[in-house]
Amino acid sequence: MAEKEGLISRIDGTIMFSITTEASAAVITLDPWDKLLIIASAGLFLLFVLVCIMCVLSPFCWLYHYCPFQTHAPVKGHDPAQGYGSTSTGSQSPPSECMPLSPRMRVGSVKESSEFSDSSGPSMIEMKRAQWKDGLMQKRSLSVPNVDSMDHKVTLLKGSLDFTMKYDKNERKLIVNILKVTEMILSDTAAVISPYVRVRFYRVPYQFFSLSKDHVINNLHIEIRTKMKKHNDNPTFNELFVIPIDKDDLKLYTVKIQLCDLDKYSRHIVLGEATFTLKKLNLAENEEAECSENLQPPIDEDIGDVSIGLNYLPTAEKLYLTIVKIRGLRPMNKQDNTTDAYARVALMFDGRHLKKSKTIIKKGDLNPEFDETFAFDVPSQKLGSVYFRVSLLHAGKTKEEHRLLGRVYIGPNLDADSHAHWMEMIQLPRKQVTAWHKIQG
């Protein structure tokens with residue numbers, strides 16, 4: 001009976017073993033859908049772990065700030081000491097004065113390394129023409145001149161310019177003699193001017209026929225100027241200029257004579273001008289033409305526009321100027337009708353430049369984009385007396401062939417547009433305020 005029980009026991013054991021093996025086989029041998037479910041679950045788990053790791057390591061995820069293994073920034077009041085005027089954080093050195101910064105500086109607000117900094121709000125603001133007047137009427141938070149104290153340009157009410165022109169057929173040269181300015185009356189009788197005369201020759205290409213009789217002043221070929229007569233209301237120049245021109249080309253030139261003044265801000269102001277064609281003087285027949293042209297109010301030439309950004313950091317006392325882009329330049333390269341443009345930036349005070357720098361040259365582009373930023377150290381109490389002079393130039397093959405295209409002046413004491421731009425910069429510290437400015441010839 002014991003043997004039988006043992007057999008039964010063995011049989012039971014065999015039976016139990018068989019059942020266990022079959023059960024185990026039932027667990028291992030899975031349906032294809034069950035296998036797919038297990039693989040998907042494992043993949044999702046690994047993906048979850050990977051996402052958690054990436055979020056902890058990346059500063060752009062909210063989990064980054066809760067990771068116990070990260071090195072947190074020191075508490076306010078325990079920052080390492082930095083030099084006055086620094087715009088850097090940590091061990092980084094501040095941007096060097098008057099040196100171009102990275103073009104990426106425009107992308108975000110320029111933040112100051114101070115607990116009083118406030119970088120909230122939009123990083124860049126573009127002023128529209130409708131905002132000029134509104135910006136002038138708002139109250140100012142800093143001690144800068146108001147609209148009434150802005151400098152108003154002196155205008156010429158009356159005046160005439162005496163000069164002579166003679167063409168030398170043998171030498172094939174045009175001789176211009178600038179004599180004097182007579183009967184000059186200014187809008188401000190107490191104004192003191194330093195006048196000079198600028199003569200521009202515009203040449204038009206050969207044409208089989210032309211339906212327009214207007215003066216062509218969009219292709220500057222030659223420019224001459226006299227010496228400046230400081231503090232003189234009735235200047236006498238008596239300066240002679242010799243210009244090589246072929247006889248057959250005389251009829252292709254339009255001449256613009258301008259009486260200019262260099263004001264106390266070192267701005268070249270056109271007081272009056274006269275425009276005529278050389279064909280009118282009939283220089284090929286006459287020995288010498290004596291002329292006296294009445295000066296008319298100047299007409300602005302369409303030289304182009306430049307987009308400029310201004311940004312001021314009050315705590316660091318840093319003033320930034322950004323040359324964003326230029327549009328509508330005239331072609332200076334006659335071969336491909338392009339221009340190799342660049343800009344010179346000068347921080348001015350009382351007619352003298354304090355610091356200056358320049359951009360790179362953009363070759364073969366009439367609408368170049370620079371996006372270059374320059375930094376200047378300017379105390380807040382001096383914001384009402386400094387200003388910028390931006391000169392736009394064409395780069396020739398040699399240094400002597402570089403040509404001035406025009407200038408732009410931006411400051412609190414100048415014209416209404418630049419004044420409004422400056423005031424907007426002061427009212428919105430740490431924000432780059434951009435605006436378009438017309439290039440003046």
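In the predicted model, threonine 338 is located in the loop between strand S12 (318–327) and strand S13 (341–349). Strands are DSSP runs of E with at least two residues, numbered from the N terminus. Residues are numbered from 1 along each chain as its sequence is written, and side-chain values use heavy atoms, with hydrogens and water left out. Because the model is predicted, local features need pLDDT of at least 70 and side-chain atom pairs count only at pLDDT 80 or more, while totals for chains, interfaces and linings use all residues.

Threonine 338 has a relative accessible area of 13% and is therefore buried (buried means under 20% relative accessible area, exposed over 50%, and partly exposed in between, with a 1.4 Å probe and protein chains only). Leaving aside residues up to four places away in sequence, threonine 338 touches Pro331, Met332, Asn333, Gly364, Asp365 and Leu366, where contact means heavy atoms within 4.5 Å. Lysine 363 is 25 residues from threonine 338 in sequence, and their C-alpha atoms are 8.0 Å apart in space. The side chains of threonine 338 and aspartate 336 are joined by a polar contact of 2.8 Å, that is, a pair of N or O atoms within 3.5 Å; within protein, one must be able to donate a hydrogen and the other to accept it, and residues adjacent in sequence count only if both atoms are side-chain atoms.

Asparagine 337 is also found in the loop between S12 and S13. Its phi is near 55 degrees, a positive value in a residue other than glycine. Asparagine 337 counts as partly exposed because its relative accessibility is 49%.

How values were computed: Helix = DSSP H or I, 4+ residues; strand = E, 2+ residues; numbered from the N terminus.
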